Amino acid sequence: MSVICTRCGSTNVICMAMVNPNGNVFEYYPDEAFEYGYCRGCDFDEVHAELTDTDKVQQEIDILYRSFIDSYETELDYADCRIVYKDDGTDLEVKIALTADGKAAAMNERVFYHCDGISGLKSLAEYGDKDFIMVQCYQFDNWAGDNTPKFLHDYD
Ligand SMILES: [Zn+2]
């Protein structure tokens with residue numbers, strides 16, 4: 001597990017946790033503990049910054065991907081995700097296209113970013129050279145939205 005600062009990528013971070021005070025034994029992270037985290041690796045002294053567990057986000061993508069493939073016998077076109085901008089920490093709920101084909105182009109105004117398949121999507125959960133980092137992936141879908149494959153060809 002590697003929990004990093006969404007601003008600078010540092011692992012020098014702190015957040016709230018529930019502990020058993022008798023021996024300081026870690027129990028669990030409360031809801032939104034990472035959203036209200038602090039970073040000591042940013043340029044300033046200990047700034048508020050959202051934290052993200054990059055391994056966990058990638059594992060969740062794998063789980064969602066497998067369950068989509070098992071449930072629908074159709075291709076998946078995009079992922080509903082939440083991203084955080086590195087510079088000011090604001091977040092956005094966005095659609096990230098998994099392909100750069102004609103369908104994605106037709107849906108361009110609804111697409112925040114185009115990546116290359118599942119591995120490309122997973123790489124967005126890591127601290128890279130983009131001005132944002134993806135911190136949550138909610139679900140996959142195709143552009144038809146109702147998982148009717150024939151409808152997909154309307155965008156060809
Ligand atoms: Zn930082």
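A residue counts as buried under 20% relative accessible area, as exposed over 50%, and as partly exposed in between, with a 1.4 Å probe and protein chains only. The model is predicted, so local features need pLDDT of at least 70 and side-chain atom pairs count only at pLDDT 80 or more, while totals for chains, interfaces and linings use all residues. Residues are numbered from 1 along each chain as its sequence is written, and side-chain values use heavy atoms, with hydrogens and water left out.

Next, turn to the aromatic rings, where rings of Phe, Tyr and Trp (its six-membered ring) pair if their centres lie within 6.5 Å, with planes under 30 degrees apart counted as stacked, over 60 as edge-to-face and the rest as tilted. By this rule there are seven aromatic pairs. Select Y65 and F140, an edge-to-face pair with 6.2 Å centre to centre and 80° between the planes. Y65 belongs to helix α1 (residues 54-71) and F140 to strand β11 (residues 132-141), 75 residues apart. Y65 is partly exposed at 30% relative accessibility, whereas F140 is buried at 5%.

Then select Y113 and F132, whose ring centres are 5.5 Å apart with planes at 70°, so this pair is edge-to-face. Of these two, Y113 is partly exposed, with a relative accessible area of 24%, and F132 is buried, with 5%.

Key: Helix = DSSP H or I, 4+ residues; strand = E, 2+ residues; numbered from the N terminus.
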